[in-house]
Amino acid sequence: MFPMSNLSPSPGTPMAASPLTRACLEIDEYAAGLGWDQPARLFALVDTAKLKKQEPRLAGQLGLDQDDAGKSSLTPIEQDELPAGTALDKFLGTVAWPDAVVGCALTVERLMLPPSAEASVPEGLNDKQLAKWVAGHPERQEVRLTVAVLRDGSRESAVRLREKDSSTEVLTGGGLVPGLAEALAATFS
């Protein structure tokens, strides 16, 4: 089976949210508890009811309550650490999931610029030069991106700004990080 994490539901997670949104926010809250300047983390998403039925011992180790067995939810299970020095897109190209995994999620920290800064990006920079230019830009924002996808194509994202590091300030939406969502969805093909 997979290495386990100690994820617990986030107290600020809206109850009306979809299971995918709740899972995405739980992962964001877990990552927030670890602090900033962390490596990327990959999670398998499994159907909680099926996990409790098929793997009761594992469900017990994860602290899943037996009383809510009929509730539709997803359980995130943290995977092994991503290999150091491997580009994220290359790593995701090597990932394949067993049938029991209904979705996956990734949390990663990045620097972002506001759309107004796009016009000032110097032309002809390679990836390393561009990263250095962005890191030195006065309008850069440090963000933590948590992106989750299901086999059925559903997508969700949570974006947390370092300067507004609060669970009440997390932005959510299925289309916030489309490139990363595409890369995660490709792990199911």
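Of the 189 residues of the protein chain, 41% count as buried, and the coordinates discussed here come from a predicted model. The average pLDDT of the protein chain is 85, with 87% of the residues scoring at least 70. Over residues 1-10, however, the pLDDT is below 50, although this stretch has 31 contacts in the model beyond near neighbours in sequence.

The protein chain contains six helices and six strands, and from the N terminus on its elements run α-β-α-α-β-α-β-α-β-β-β-α. Among the contacts in the protein chain with a separation of 6 or more, 68% are accounted for by residues 24 or more positions apart.

In soluble globular proteins, nonpolar side chains tend to be buried together. The largest nonpolar core of this model has 30 residues, and those with the most contacts inside it are Leu 42, Leu 92, Trp 97, Leu 106, Leu 180 and Leu 184. At least two residues of this core are supplied by each of strand S1 (41-47), helix H3 (56-61), helix H4 (88-92), strand S3 (101-112), strand S4 (141-150) and helix H6 (178-185). A second, separate core of 14 residues includes Leu 20, Cys 24, Ala 148 and Leu 150. Within the surroundings of Leu 184, and leaving aside its neighbours within four places in sequence, the contacts are with Leu 42, Leu 92, Cys 104, Ala 105, Leu 106, Val 147 and Val 149.

**Helix H1 and its cover**

Helix H1 (residues 19-34) has 16 residues, which at 1.5 Å a residue should span 22 Å, and the 23 Å between its end C-alpha atoms agrees with that expectation. The buried residues of H1 are Leu 20, Thr 21, Arg 22, Ala 23, Cys 24, Leu 25, Glu 26, Ile 27, Asp 28, Tyr 30 and Ala 31; what covers them includes S1, S2, S3, S4, strand S5 (155-161) and strand S6 (171-172). Just after H1, Gly 35 takes a positive phi of about 90°.

**Glu 78 and its polar partners**

Glu 78 is found in strand S2 (residues 74-78), and its relative accessible area of 11% makes it buried. The side chain of Glu 78 makes a polar contact of 2.6 Å with the side chain of Tyr 30, while another polar contact, of 2.8 Å, joins the side chains of Glu 78 and Arg 41.

**Aromatic pairs**

A pair of aromatic rings is described by the distance of the centres and the angle of the planes. The structure holds two aromatic pairs, which are set out below.

| Pair | Distance of centres | Angle of planes | Arrangement |
|---|---|---|---|
| Tyr 30 and Phe 43 | 6.0 Å | 85° | edge-to-face |
| Trp 97 and Phe 188 | 6.2 Å | 25° | stacked |

Because Tyr 30 lies in helix H1 and Phe 43 in strand S1, their pair ties together parts that are 13 residues apart in sequence. Phe 43 counts as buried, at 0% relative accessibility, and Tyr 30 is one of the buried residues of H1. The side chain of Tyr 30 also makes the polar contact with Glu 78.

The pair of Trp 97 and Phe 188 links distant parts of the chain, since Trp 97 is in the loop between H4 and S3 and Phe 188 is in the segment after H6, 91 residues apart. Both Trp 97 and Phe 188 are buried, and Trp 97 is also among the residues with the most contacts inside the largest nonpolar core.

Conventions: Residues numbered from 1 in each chain as written. Predicted model: local features only at pLDDT ≥ 70, side-chain atom pairs only at ≥ 80, totals over all residues. Heavy atoms only, no water. Core = buried A, V, L, I, M, F, W, Y, C linked by side-chain atoms within 4.5 Å. Buried < 20%, exposed > 50% of the residue type's maximum accessible area, 1.4 Å probe, protein only. Helix = DSSP H or I, 4+ residues; strand = E, 2+ residues; numbered from the N terminus. Contact = heavy atoms within 4.5 Å. Polar contact = N/O pair within 3.5 Å; in protein donor to acceptor, adjacent residues only side chain to side chain. pLDDT = per-residue confidence, 0-100. Expected span 1.5 Å × (residues − 1). Phe/Tyr/Trp six-rings, centres within 6.5 Å; stacked < 30°, edge-to-face > 60°.
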